[in-house]
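Please read the following note alongside the structure.

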Amino acid sequence: MLRLKQMIHSLDAWLWRRGIDHPAIRVLLRNEILLAASGLLVGGLAFTATPWFFWFGVGLTIMAWTFWGLARFFLRKGLGDYSTAFLRIVLVRWVGRLVLVGAVLYVSLIIYKAPVFALVGGMVAAGACALASYALAARSPRRSAD
């Protein structure tokens, strides 16, 4: 248990150093990263028996990467500082991210014949984890102390 707390503290400090300073968003990203890493680890270990868990982990990782990019981008500036040029960059980055996700999904589904429900299930599970993590972190009385 102590090792898990140390790992969580180290991951929180790593996220803080990378500009994720909002406490609820930091908890959300930490949980997403841990879930994606555990999904890929379990999937990698069980790949020879069933590749389904690996592709579930890939779906988790896609969503964790999406949340990571959004959090890093939107936590850089205050909400009042947005301009038209800034919003154009947001759109260009978003389209670039969609193209990369599309490429990963294409390679996974078409070339490697990944199970569709494993990828979608991982993405849905990551979305549910994000919602639950944010809701719990936002309600936490410790939030103002972070």
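1. This is a predicted model, in which local features need pLDDT of at least 70 and side-chain atom pairs count only at pLDDT 80 or more, while totals for chains, interfaces and linings use all residues. Residues are numbered from 1 along each chain as its sequence is written, and side-chain values use heavy atoms, without hydrogens and water.

2. Helix α3 spans residues 52–74 and helix α4 residues 84–111; their axes come within 12 Å and cross at roughly 170 degrees. The two helices are therefore roughly antiparallel to each other (an angle over 145 degrees). Axes are lines fitted to C-alpha atoms over the stretch in contact, with angles from 0 to 180 degrees between N-to-C directions. Helices are DSSP runs (H or I, at least four residues) numbered from the N terminus.

3. Where α3 meets α4 (heavy atoms within 4.5 Å), the residues of α3 include Trp55, Trp65 and Phe73, and those of α4 include Phe86, Trp94 and Arg97. By class, this contact has 15 nonpolar, 3 polar and 2 charged residues (Ala, Val, Leu, Ile, Met, Phe, Trp, Tyr, Cys and Pro are nonpolar; Asp, Glu, Lys and Arg are charged; the others, Gly among them, are polar).

4. The charged end of Arg97 sits over the ring of Trp65, 4.3 Å from its centre (the criterion is NZ of Lys or CZ of Arg within 6 Å of the ring centre and within 35 degrees of the ring normal).

5. Phe47, Phe54, Trp55 and Tyr112 form one aromatic cluster. At 38% relative accessibility, Phe47 counts as partly exposed (between 20%, under which a residue is buried, and 50%, over which it is exposed; 1.4 Å probe, protein chains only). Phe54, at 25%, also counts as partly exposed.

Notes. Phe/Tyr/Trp six-rings, centres within 6.5 Å; stacked < 30°, edge-to-face > 60°. Parallel < 35°, antiparallel > 145°, perpendicular 65-115°, else oblique.
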